[in-house]
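Look at a helix and a sheet in turn. The text below takes the helix first, then the sheet.

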Amino acid sequence: MKLNTKKIFAFISIIVISTICLQFYWNYKNFTANEERLKNEIQIAYDNSLEIYFDEASKETFISVFSTDSTVQIEDFIEKIKTDSFFGKKLKEEKKSFTPIKESITDMSFKFEETENNIKKPITPKDVKVKDIIVLKGKKAIDSIGGIEQFPNKITMSFVNDTIKYKTLDSIFKTELHRKNIVLNYEFNHLKKDSLFYIYLKKEEKLPFKIKPNSTYLKPNETINLNYEYSNKILIKRMSGELTLSIIFSIAVIGCLFFLLYIIKKQKKIDEIKNDFINNITHEFKTPITTIAVALEGMSKFNPENDTIKNEKYISMSFNQLNKLENMVEKILETATLNTNELQLNLEEINLIPFVKSIIKKYQNITDKQIDFIFNTDKILFRADLFYLENAISNLIDNAIKYGGNFIELNCYVIEKNIIIDIKDNGNSILKSQEKKIFEKFYRVPKGNIHDVKGYGIGLYYTKSIIQKHNGTIELIRNNDTIFRITLPNEH
């Protein structure tokens, strides 16, 4: 089944876009949920701040009045409170009357009072004279609530101050925000009967969000609204874990999909190269097989007189073609074992100068192209497998003869700890787009019709593998000429 790359790419693109949209929607929903959670936290922090503020304020105006005499009337308590130096003045200033609730309150903490020796002890009825009415204010009054249950007559109460200490409220609110790691730009709007009474921390810009407190301490028709604005950085910081996971997940999914597309394209390319190789090797095998068939047919049909000279000619032709077939099969089998442990090098120390000279001499006898060899020393020793290293260098010279220019030059020299062998030709026939692919297995530089170029696309791959097994490297260097550079370790 032939793969349709365009359809696969379209399908993967749809999946990628869907994944991105899903992650964007999920993060948006998470953002809005965190936004609502943040607003709720601000509401709770503000309500708590008001509760704390009024609780602390009520402690300053809290009083406890009690007596041991059961005949004392409630009016006596009232008169005592009104004549008290603090609360009487307070009532008078604020022009308020008061009607106490005739109930006993006995469900709070116990009262302690310091003695002269700073030893705390509870107040009891025996400490109070008959018909005495005792008034305790502030914290002492609060602490006394539990103790006054021993007295037959008692009243506890607190005054609510109309004056709001905005600075104190602001300090309490900041503490609550800090505890919740919230940073706000805000102001307090004090309203009485829906009319603006006072703005504390007034801002020039309009603050978009408003909170109306749920405090029971505020009088009817009176409220202290909170106008505020927050930075989205707070929400992003809170969502940092989810955002990070979302980004990682999205990148992983998109990366896997594109990697899948890459693998599919690569497999398709390998399939094309494989088919190209099969077609080419079939063409290469067909020639010697046809030649052998023609020779055998000539011996059987066109040599009725059994001419020995003709028979020898046909036999020699057949042997040559069989040797060619054998060499092709061996080269393919050797290529198949290059990346396995089956290929074992038989290393021996050789002098590279005469070794390369002998290879060049073999090609000088079969080509009209000029092949020069340049070296600056007569002796460069290296441990190598003669058979495989000769094949590797021969492949490069053979390619230069087939695809290069009319001038071929080999250089052999030593630089520091490396032995360099350059095979250079002036053909410059390899395109820049093909440079990284020429060492791939079965890859051949496209030349239109595949039969216009002899070979199987394994020569450079074979050479690279053999050089690597000798702990060396091979690279293509392009300038005005084409240079294949072999770098081998200099062990001497």
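Why does the span of helix α9 (residues 352–364) agree with its 13 residues? At 1.5 Å a residue, α9 should span 18 Å, and its end C-alpha atoms are 18 Å apart, so the two agree. The expected span is 1.5 Å times one less than the number of residues. Helices (H or I, at least four residues) and strands (E, at least two) are DSSP runs, numbered from the N terminus.

This is a predicted model: local features need pLDDT of at least 70, side-chain atom pairs count only at pLDDT 80 or more, and totals for chains, interfaces and linings use all residues. Residues are numbered from 1 along each chain as its sequence is written, and side-chain values use heavy atoms, without hydrogens and water.

Now look at the sides of α9. L352, I353, F355, V356, I359, I360 and Y363 are buried (under 20% relative accessible area, 1.4 Å probe, protein chains only). These residues cover an arc of only 165 degrees around the axis, so they lie on the same side of α9. The arc is taken from the directions from the helix axis to the C-beta atoms. The cover over them includes β10 (348–351), α10 (386–403) and β13 (407–415).

Turn to the sheet. Four strands form an open sheet in the order β7-β6-β9-β8, with antiparallel pairing (at least two DSSP bridges between two strands). Its edge strands, β7 (195–200) and β8 (209–211), each pair on one side only. Strands β6 (residues 184–192) and β9 (residues 222–230) pair over nine bridges. Among the partners, H190 is bridged to I224 in β9. Helix α5 (residues 166–179) packs on the sheet and touches β6, β7 and β9 (heavy atoms within 4.5 Å).

How values were computed
Axes fitted to C-alpha atoms, helices over the stretch in contact; angles between N-to-C directions. Buried < 20%, exposed > 50% of the residue type's maximum accessible area, 1.4 Å probe, protein only.
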